[in-house]
Amino acid sequence: MPLSSVATSASERELPFYQSVGNECGMFEQAFRQRLPLLLKGPTGCGKTRFVSHMAAKLGRPLFTVSCHDDLTAADLTGRYLLQGGETRWVDGPLTRAVREGGICYLDEVVEARKDVTVVLHPLTDDRRLLPLERTGELLEAPADFMLVVSYNPGYQHILKSLKPSTRQRFVALSFDFPPPATERDIVARESGLPAEQCAALVNLAASLRAMKGQDLEEGVSTRLLVYCATLINAGMPILEATRATLVEPLSDDADVQEGLMEAIHATFG
């Protein structure tokens, strides 16, 4: 199936906001300058995608983002022949475009893709930095300003959805987690416009809900959902309605679990 990708550059929009919590920005820059592929590990909604967007804009490189899924094939990344205007023409995929143009290719949740995808990545993740295109007979050498970044959520790993050690060891790796409370409060306030004091209450609530992960919930409340919740509250929606729509319904369909989440919300907001 055709794959849509998003290409952006620093000249097209302002630098996306990202609040660093360590030296991850410096590590990204060094990986880029030393031509090293980068692996990001962390829970859903903790800021991995925003981080990559921020760094691509900061470095002034076009960004090609691919959301991986079960049906994603190597051809979706590299390209395929398509019928256009009565003629069969080769159309580059996002990975090939990033190599040709010297951009950053970001594969989000790479473990969700089919196994043949990682095979295509291997020549790009060692000193060869090559992309073979068997269908066109080309052998593309990645320029100095090309970078490959992949991410996944270790919390969802199991035997059928994991990166082989031989693949993992081809990357420089960074672990991500939810920001410290004060930082997360500032992020939510900046992104939503809600006063910091109210955002602090939401962050405290999120800590309580995240403690339920592994018991009643598969995944904790993401910073993204906190921003959604704060945005609705700032727009005038009652707190209980906003929290139910953003911090309860997206996390579980189980009525008992939802009741437990609402009890935690009532304990916070009354």
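How many residues lie between β7 and β8 in their hairpin, and which residue in the turn has a positive phi?

**View 1. The hairpin of β7 and β8 in this predicted model.** Between β7 and β8 there are 4 residues, and within the turn it is G137 that has a positive phi, of about 80°. The two strands, β7 with residues 130-133 and β8 with residues 138-141, run antiparallel and are joined by 4 bridges.

**View 2. The hairpin of β4 and β5.** Strand β4 (residues 79-84) and strand β5 (residues 87-92) run antiparallel, with 6 bridges joining them. Among the paired residues is R80, which has V91 as its bridge partner in β5. This hairpin has 2 residues between the strands, and G85 takes a positive phi near 60°.

**View 3. The crossing of helices α10 and α11.** The axes of helix α10 (residues 239-248) and helix α11 (residues 255-269) come within 11 Å and cross at roughly 140°, and the two helices are therefore oblique to each other. The crossing in which α10 passes α11 is right-handed. On the α10 side the meeting residues are I239, L240, T243, R244, L247 and V248, while α11 contributes Q258, L261, M262, I265, H266 and F269. By residue class, this contact of α10 with α11 divides into 8 nonpolar, 3 polar and 1 charged.

**View 4. The crossing of helices α8 and α11.** Helix α8 (residues 196-210) also has a contact with α11, and the axes of these two helices come within 10 Å and cross at roughly 145°. Here α8 passes α11 in a right-handed crossing. The contact is made by A201, L202, L205 and L209 from α8, together with L261, A264, I265, T268 and F269 from α11. The residues of this contact of α8 with α11 divide into 8 nonpolar, 1 polar and no charged.

**View 5. The aromatic pair of Y18 and F51.** The structure holds 4 aromatic pairs, and one of them is shown here, with the ring centres of Y18 and F51 lying 5.1 Å apart. The planes of the two rings stand at 50°, so the pair is tilted. Because Y18 lies in the loop between β1 (6-8) and α1 (24-33), whereas F51 belongs to helix α2 (residues 48-59), the pair ties together parts that are 33 residues apart in sequence.

Note on methods: Residues are numbered from 1 along each chain as its sequence is written. This is a predicted model: local features need pLDDT of at least 70, side-chain atom pairs count only at pLDDT 80 or more; totals for chains, interfaces and linings use all residues. Side-chain values use heavy atoms; hydrogens and water are left out. Axes are lines fitted to C-alpha atoms, for helices over the stretch in contact, and angles run from 0 to 180 degrees between N-to-C directions. Angles under 35 degrees count as roughly parallel, over 145 as roughly antiparallel, 65 to 115 as roughly perpendicular and the rest as oblique. A crossing is left-handed if the near helix is turned anticlockwise from the far one by less than a right angle, and right-handed if clockwise. Contact means heavy atoms within 4.5 Å. Ala, Val, Leu, Ile, Met, Phe, Trp, Tyr, Cys and Pro count as nonpolar, Asp, Glu, Lys and Arg as charged, and the others, Gly among them, as polar. Two strands pair if DSSP finds at least two bridges between them. Rings of Phe, Tyr and Trp (its six-membered ring) pair if their centres lie within 6.5 Å; planes under 30 degrees apart count as stacked, over 60 as edge-to-face and the rest as tilted.
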